[in-house]
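This report looks at how one chain is built and how it meets its partner. Keep the 3D view open as you read.

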Amino acid sequence: MNNARLTTQKYAYGRRFDQWILDRVRQKRGSPELPFTLEYRHIYVMPTRFGLWFGILLALTAIGGLNFNNNMALLLGFVLASIAQMTTLLAYRNISGLSLVGLRAPPVFAGQPARFKVLLKNPEERFRFAIQAKSEESGDCTDIEPQETGQLELEQTTGRRGWMEMAPFRIENRYPLGLFRAWSVIIPRARCLVYPAPALNPPPLPKTGRGDYGSARQGEGEHFHGLREYQPGDPLRRIAWRTSARHEKLYSRVMESPSEDACEFNWYLMRGGNTEAKLSIMTAWILRAERRQIPYSLEMPTAALPADLGEDHRDACLKILALFQL
Amino acid sequence: MMNPDQKSIFWVIATLSVAMAPQIVRMPLPIIAMALFPLLWRIGAELLGWKALPALIRHSATILALLTLFFSYGNVTGRRAAVSLLTVMLALKLIESYRIRDARLIVSFSLFLCATQFLFSQGILMPFYGAVTVIIALVTLTQLHRKEAFESVGETPAITASIFSELGFSLRLLALAIPVGLAFFLFFPRWATPLWGIPETTLDSKTGLSGSMSPGSIQSLFMDDSPAFRVEFESAIPQPPELYWRGPVFWNFDGKTWSGSFFGKNIAAKSRPDDQGAPWRYTVQLEPNERNWLFALDYPATTPMDTRVSMDFQIFRREAVTQLLQYSMVSNPDFADTPQMAETLKTSALDLPNGFNPRTRELVQGWRESGLTGRALVQHALDFFNQEAFYYSLDAPLLGKHSVDEFLFDSRTGYCEHYASTFTVMMRMAGIPARIVTGYQGGWYNTMGEYLLVRQSDAHAWSEVWFPGDGWTRVDPTAAVSPARVNRGSLGALSAPRHLLDYAWLRNMRNGIDVVQQRWNDWVIKFGASQQAKMFSPLGLERMTPSTLVIALFVAIGLFSAVLLPFILRTRGPGRKDPLQAAWQKFLKRLQSAGCEIQPSNGAIELAHEAALHLPGDSRAIHQIADLYSRYRYSPLPPSLNELKSAIKEFHPKKTAV
């Protein structure tokens, strides 16, 4: 089993059964208020595929034992059945009393998977073994020590910017033998902020001041760096006309321009292009300005932030972009 | 070498090895090799990092295994062959199991294999075998579960358990499951008759006496100390010379081998001894011997229901005894067996093959010519055995064509079957109808269990001669040579030990331990539909029907659950106090009793400052404790907790008037 690799089981018992359970949960209790403690009425217990197989084998043993009146075989079958039955309680006990204390995901850029952190507190004086969180897309597993909080991470692919709701997931375990699965379905009320995807090859950072917007930053060390396809926001002066004519496609020159000045990212001064492309470029600019430690200001139709630097500023700006016109 | 990831595969191998152990020792050698090879290969592959075998080799190994099985057993429908097949296939599965699913398949089938072993033996050691297999399988399944859970994550589990805690957990699980398992065992309605028959009338390991007798066949049983049957007497116990347990009776002799006669086996006994006044009433618990005859003392007056008594007083059952069988008997020795015998039977009781044993014929002819007949001749023959230099011994040389001649004149050393055979041949030569009876003689009385234990080593052969009017009369020529055989049992008759570990005290201990086996048989193995129905008769419930049994089952499970459930589901809240906090509370209490007002919201250092103002005499101690506390709490390199504890212990502030 060296190279064994288990793919995360997508559904507990097939799509339709899972959907049915989900609908029931949605109707009966909906999204839980945190902290949410798993109690007996929230927990389902059903045999796993291996558990069903084991049951068939036990039934065969018992029938054979009864037929031949072989008492030892019967006794073995009954004791094993009793063990199996007891593991339903152990599986239940392993997740009951766990408390869902937190659901949060740090913002991500569109296209990156959102990582929802599921915080499970174990308020009791006993170990919790192999607690799993599973969604349709991913799964995670952890042991939780007494009076500790375990953290499980569920990934969720992101499409577009804005808020993304966390998909329903299961907290489950098959402790101790893998014969039974005890699980609870959670319809979370949690969301992840998805920033616009940064443009791959954004135009150079614009300089301070309205007048200069779209013009090259006149730094001392400005020099030609390369060519790339024209993108909205590229100053007209930068267009490499001769190259563009040859390729029947617009190309811009990329210039390097180190500068200590603050720069201004102004929605109104972005020319052409659609909203998403412009937001992508502004996102890329913000990241670049942060990296180069150039203070930047943001002006959008919905909000404006003065020039600043730092994570808080960046996050605030990105949030404005993420939620623009949504 | 071994990484933690491999741990579970070694547990899988261990589970299979333990489960197949009893089977392995009974399989033919080539099949043992077929079962062990994949096991060893897998261990080697894990330890030395061998690559997986190509499909061609795996498939050819499977085909080779099937062929070996077929040629070793002749067929694959027999029970032993079927279980061997399961064993070998499971072992072969090991060489291609790299997924958790396969590992679980092997573990669950190993448990099934364990159950099949009880078809062959339900001895007293088998429960331990079952328990060990279950515990190891539980550990393995627990490991596989953890492996499966964490495999998708790609990280190793935070909590790793020691082997002792894993075994302990499995043991607890088993112990907790036993009450409910027993409730099922007792109350689950049993089937009085099987739904489908046992496909074969016998298993492959026939034990005990066989259906024919040739020199050496009983001698081989002498080494076998396993129990043949146990007898509990309701009446007085017969004296050792009376304990002849009658089994197969032989009429036909081909010069070497004795075998039963068709008439003897198939014609029913014409008359039976009187049941009234029969001195011996007893119950026999017969170990499965895969034969269809039962053993009884001469002569059976009443016999079990589903049996018949043949003309030569063998007791036959329709099916072979493949499970422990208990039957009650009444025997009456005061009986004349066939006082008048038909000519055809007389002829067959005198029949001898031509051209064998001329020297014996000459000797017997001499006796007859000297005028000896009937009982006098029998006595003469016994005296001959007694007075000439005959030896009762296990080291009998192999005999050739004229086996009786060679024994009588040359070797003169033999076991009971030599004497019985020779004597019977001599009687027939003398014109006295004679036959051979095999069975067991004697037994060991277990005073602790108050039953008679008859072992395979008590197997015996003797003769019967026929006289008009008196009928068949038992004559034991072995007793003439070695009276101790009959009076003190088979082991008492020999001076030398049979094998290296043949000590009297060890035999006695074994006999003593046999009482456990007898109880086990009594209470567990022979429990069935009829015992189940009568289970509550002491409580006034005469007969349990399936429905009352099911009710009893639910009541029992309910009762056990009421006890076990709170135990299994118990929760322990945050009971254990933080020791640091406990010490700190103690400190605060001391401050309070010294007259300090305490603001619980204050931090430790603030609190210390305030307290020091109130208790200037103790200010050093207060600051020291507060400093230790905050360092213990917040410093990356905390001091020992004991330092803080002892500081608080020694802190006795003087009360000040405020």
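A crossing of two helices is left-handed if the near helix is turned anticlockwise from the far one by less than a right angle, and right-handed if clockwise. Keep that in mind for the helix pair below. The model is predicted.

**A helix pair in chain B**

Start with α1(B) and α6(B). Their axes lie 9 Å apart, and the packing angle is about 160°. Angles over 145 degrees count as roughly antiparallel, so α1(B) is roughly antiparallel to α6(B). Which hand does the crossing of α1(B) and α6(B) have? The crossing is left-handed.

**Where chain B touches chain A**

Now turn to the partner chain. In chain B, 62 residues are in contact with 52 residues of chain A. Elements that give two or more residues to this side of chain B include α1 (7-24), α5 (100-117) and α19 (546-569). The most comes from α6(B), with 13 residues.

Here are the classes for both contacts.

**The domains of chain B**

Chain B is divided into domain 1 (4-160), domain 2 (204-348 + 433-531) and domain 3 (579-649). The C-alpha centres of domains 2 and 3 of chain B lie 88 Å apart.

How values were computed. Residues numbered from 1 in each chain as written. Chains lettered and ligands numbered in written order. Predicted model: local features only at pLDDT ≥ 70, side-chain atom pairs only at ≥ 80, totals over all residues. Contact = placed C-beta atoms within 7 Å. Helix = DSSP H or I, 4+ residues; strand = E, 2+ residues; numbered from the N terminus. Domains from an automatic or database assignment. Axes fitted to C-alpha atoms, helices over the stretch in contact; angles between N-to-C directions. Parallel < 35°, antiparallel > 145°, perpendicular 65-115°, else oblique.
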